[in-house]
Amino acid sequence: MTHEGIILIIDDEGPIRRLLEITLTANDYRVSEAATAMEGLAQAASLQPGLVILDLGLPDMDGQEVLKKLREWYLKPVLILSARNSEEDIVRALDNGANDYLTKPFRTGELLARIRVAIRQSMDAPDHPVFEFGSLTVDLANHTVRKNNEIIKFTSTEFSLLALFVKNEGRVLTHQYILKEIWGMSYLEQTQYLRVFVAQLRKKIEDDPVRPKLLNTESGIGYRFGY
């Protein structure tokens with residue numbers, strides 16, 4: 001049985017679990033808690049929750065390993081909430097399949113916003129999806145992009161890159177993930193190549209490419225698409 005409305009918290013810190021429980025239940029989410037990796041994996045398997053909040057510093061197994069085990073079968077969003085704030089940890093978690101990453105201490109408003117985006121993004125997309133972001137409309141089925149109701153021309157690579165961002169709205173995509181998905185394994189180190197294409201996209205979709213509001217840089221990690 002799937003419990004779409006349940007959020008599973010896997011964190012060994014009792015005060016953090018209590019804070020999350022209060023915050024989430026006040027916003028109409030149901031909550032289940034686990035203090036260890038093994039307990040969390042067991043609950044994830046039995047409950048099949050709509051989203052997992054995962055700490056990396058668990059007593060019985062590193063959270064990165066828990067994440068990899070979850071991603072062997074669990075397809076719903078996983079949000080990392082950890083005191084670890086190094087670029088290496090963040091990139092590794094995102095590459096291991098995390099949908100997002102927040103560091104402790106965190107702001108509850110931002111956490112709730114990230115949860116809403118992750119859940120919305122995980123919902124089944126329509127057969128012919130059309131996405132709207134302010135004055136920008138992206139029609140993935142017909143390969144058309146409009147800004148202020150005017151069609152914008154894209155190369156095939158530019159459109160593929162935009163489509164990848166659109167389909168992962170709100171999710172941080174690492175440089176390596178994007179390069180692999182669009183250009184292949186041989187381009188994993190070509191981050192400057194990616195920056196050139198991102199700059200081209202911004203010129204076409206942003207009101208002010210110098211101060212982007214839609215295609216945002218996550219410094220040293222990658223990009224996040226969406227307001």
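How do strand S10 and strand S12 pair, and over how many bridges? Strand S10 (residues 172-174) and strand S12 (residues 222-225) pair in the antiparallel sense, over three bridges. Here, two strands count as paired if DSSP finds at least two bridges between them. The strands (E, at least two residues) and helices (H or I, at least four residues) are DSSP runs, numbered from the N terminus.

Before we go on, a word about the model: it is predicted, so local features need pLDDT of at least 70, side-chain atom pairs count only at pLDDT 80 or more, and totals for chains, interfaces and linings use all residues. Residues are numbered from 1 along each chain as its sequence is written, and side-chain values use heavy atoms, with hydrogens and water left out.

Back to S12: find Tyr223 there, and you will see Leu173 standing opposite. S12 is also joined to strand S11 (residues 215-218), by four bridges, and these two run antiparallel. In this pair, Leu215 stands opposite Phe225 of S12. S11 and S12 form a hairpin with three residues between the strands, and Gly220 takes a positive phi near 75° in that hairpin.

Now look at another group of strands. Four of them form an open sheet in the order S6-S7-S8-S9, with antiparallel pairing. Strand S6 (130-133) and strand S9 (150-152) are the edge strands, each pairing on one side only. From one strand to the next, the twist averages 25°. Strand S8 (residues 144-147) is joined to S9 by three bridges, and Val145 stands opposite Ile152 of S9.

Helix H6 (residues 156-167) lies across S6, strand S7 (136-139) and S8, and runs at about 100° to S7. Such angles run from 0 to 180 degrees between N-to-C directions, and the axes are lines fitted to C-alpha atoms, for helices over the stretch in contact.

Finally, visit two helices. The axes of helix H3 (residues 63-70) and helix H4 (residues 87-95) come within 10 Å and cross at roughly 15°. H3 and H4 are therefore roughly parallel to each other, a term used for angles under 35 degrees. Who makes the contact, meaning heavy atoms within 4.5 Å? On H3 the residues are Gln64, Glu65, Leu67 and Lys68, and on H4 they are Asp89, Arg92 and Ala93.

Terms used: Contact = heavy atoms within 4.5 Å. Parallel < 35°, antiparallel > 145°, perpendicular 65-115°, else oblique.
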